[in-house]
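Let's take a walk through this structure, starting with a charged side chain and moving on from there. Have a look at it first.

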Amino acid sequence: MAAGRPRIDLEPEQVRKLAALHCSVSEIGDILGCGRDTIYRNFKSDLDIGRAEGRMRLRTMQFKSAQMGSAAMLIWLGKQIQGQKDQQEIA
């Protein structure tokens with residue numbers, strides 16, 4: 001009799017999609033029915049790719065929001081990307 005948990009088949013695409021939604025590794029393990037160590041050990045590159053894809057999609061949506069005239073998003077992106085900051089008046 002084999003020791004350990006029964007083998008489950010995990011698809012890298014599942015891990016990438018969940019990572020793109022910014023799920024934690026613990027959440028991914030819970031959803032897919034395995035431990036977080038299994039995810040880290042076998043799918044580290046898929047985690048990295050998924051997280052990068054999620055950041056790219058979020059950034060794209062932020063730019064679209066700014067292009068549509070969202071003043072708040074324009075200010076936030078200016079601070080984040082351009083290093084702009086609010087002027088503080090000293091009296």
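K44 is partly exposed, with 42% relative accessible area (buried is under 20%, exposed over 50% and partly exposed in between, using a 1.4 Å probe and protein chains only). Keep in mind that this is a predicted model, where local features need pLDDT of at least 70, side-chain atom pairs count only at pLDDT 80 or more, and totals for chains, interfaces and linings use all residues. Residues are numbered from 1 along each chain as its sequence is written, and side-chain values use heavy atoms, leaving out hydrogens and water.

K44 has a partner: its salt bridge with D48 brings the closest N and O atoms to 2.9 Å apart. A salt bridge here is a side-chain nitrogen of Lys or Arg within 4 Å of a carboxyl oxygen of Asp or Glu. The two sit four residues apart in helix α3, so about one helical turn separates them. Helices are DSSP runs of H or I with at least four residues, numbered from the N terminus. D48 is partly exposed too, at 36%.

The structure holds four salt bridges, and some of them join up: E13, R16 and D46 are linked in a network. E13 meets R16 at 2.6 Å, N to O, and both lie in helix α1. R16 also pairs with D46, at 2.7 Å between the closest N and O atoms. Because R16 lies in α1 and D46 in α3, this pair ties together parts that are 30 residues apart in sequence. Both R16 and D46 are buried, whereas E13 is partly exposed at 37%.
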